[in-house]
Amino acid sequence: MSELHQGGDRNAMAEDCTDLAEDRTLMANERTFAGWARTALAAIGIGLGFQALFREVEPTWVAKLIASLFIALGVYILWQAERRASAVVERMSTHHVEVQGGASFRVMAIVGSTGAVLLMAAIWWLV
């Protein structure tokens, strides 16, 4: 009887360790998304900075095009980060922690990319 009880304790401990590993993976997923989002914002910032530094260069469309490419790269990175982060959240479940859901990643990607597209429009039509 004691062997059966001991085996049950081992199974419970193994399940608890697995649950904690899933929680750690989900938290790492959030940090990874944040890292990619920072990279996307950096690309958008480089585009804006490039436009600010070289707006007087003739022809002006060259600086706008290069700035737009960096901004578009930032939008692409943001959506790839959302796609990957949401896929991880869908495959795993939380046990002892609260983490961001896939909808939160999607909202951040929508807001960030909308701002970037508006910035690109402003570069082309207002500057």
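Predicted model: local features only at pLDDT ≥ 70, side-chain atom pairs only at ≥ 80, totals over all residues.

In what order do the elements of the chain run from the N terminus on? They run α-α-α, and the chain has 3 helices and 0 strands. Helices here are DSSP runs of H or I with at least four residues, strands are runs of E with at least two, and both are numbered from the N terminus.

Residues are numbered from 1 along each chain as its sequence is written, and side-chain values use heavy atoms, with hydrogens and water left out.

Let me begin with helix 3. This helix has 24 residues, and from its first C-alpha to its last it reaches 34 Å, close to the 34 Å expected at 1.5 Å a residue. The expected span is 1.5 Å times one less than the number of residues.

Which residues of helix 3 are buried? They are Gly102, Phe105, Ala109, Ser113, Ala116 and Ile123. Buried means under 20% relative accessible area, exposed means over 50%, and partly exposed lies in between, with a 1.4 Å probe and protein chains only. In the chain of 127 residues, buried residues make up 24%.

The largest nonpolar core has 12 residues, including Leu26, Phe33, Ile77, Leu78, Val88 and Phe105. Helix 1, helix 2 and helix 3 (102-125) are the elements that give two or more residues to this core, and helix 2 gives the most, with 6 residues. Apart from this core lies another, of 6 residues, with Ala67, Ile71, Ala116 and Ile123 among them. By a nonpolar core I mean a set of buried Ala, Val, Leu, Ile, Met, Phe, Trp, Tyr and Cys residues joined through side-chain atoms within 4.5 Å.

Leu78 is found in helix 2 and counts as buried, at 7% relative accessibility. The C-alpha atoms of Leu78 and Arg106 are separated by 9.6 Å, although the two residues are 28 residues apart along the chain. Ala116, in helix 3, is buried with a relative accessible area of 2%. Between Ala116 and Gly74 there are 8.0 Å in space, C-alpha to C-alpha, and the two are 42 residues apart in sequence.

I turn next to the aromatic rings. Rings of Phe, Tyr and Trp (its six-membered ring) pair if their centres lie within 6.5 Å; planes under 30 degrees apart count as stacked, over 60 as edge-to-face and the rest as tilted. By this rule the count comes to 2 aromatic pairs.

Why is the pair of Phe33 and Phe105 called tilted? The ring centres of Phe33 and Phe105 are 4.6 Å apart and the planes stand at 50°, so the pair is tilted. Because Phe33 lies in helix 1 and Phe105 in helix 3, this pair ties together parts that are 72 residues apart in sequence. Both partners are buried: Phe33 at 5% relative accessibility and Phe105 with a relative accessible area of 1%.

Phe50 and Phe54 form an aromatic pair that is also tilted, with 4.7 Å from centre to centre and 40° between the planes. Phe50 and Phe54 are 4 residues apart in helix 1, so about one helical turn separates them. Phe50 is partly exposed at 23% relative accessible area, and Phe54 is partly exposed at 37%.

What about the loop between helix 1 and helix 2? Pro59 lies there, and the peptide bond from Glu58 to Pro59 is cis, with omega near -5°.

Finally, the largest pocket has a volume of about 190 Å³. Its lining includes Asn29, Phe33, Trp36, Tyr76 and Arg84. Helix 1 (2-54) and helix 2 (60-91) each supply at least two residues of that lining, and the largest share, 7 residues, comes from helix 2. A pocket is an open set of points on a 1 Å grid over the protein atoms alone, where a 1.4 Å probe fits, with protein on both sides within 12 Å along at least five of seven lines; lining residues have an atom within 4 Å of a point. The volume is the space filled by probe spheres set on the points, which are joined across faces, edges and corners.
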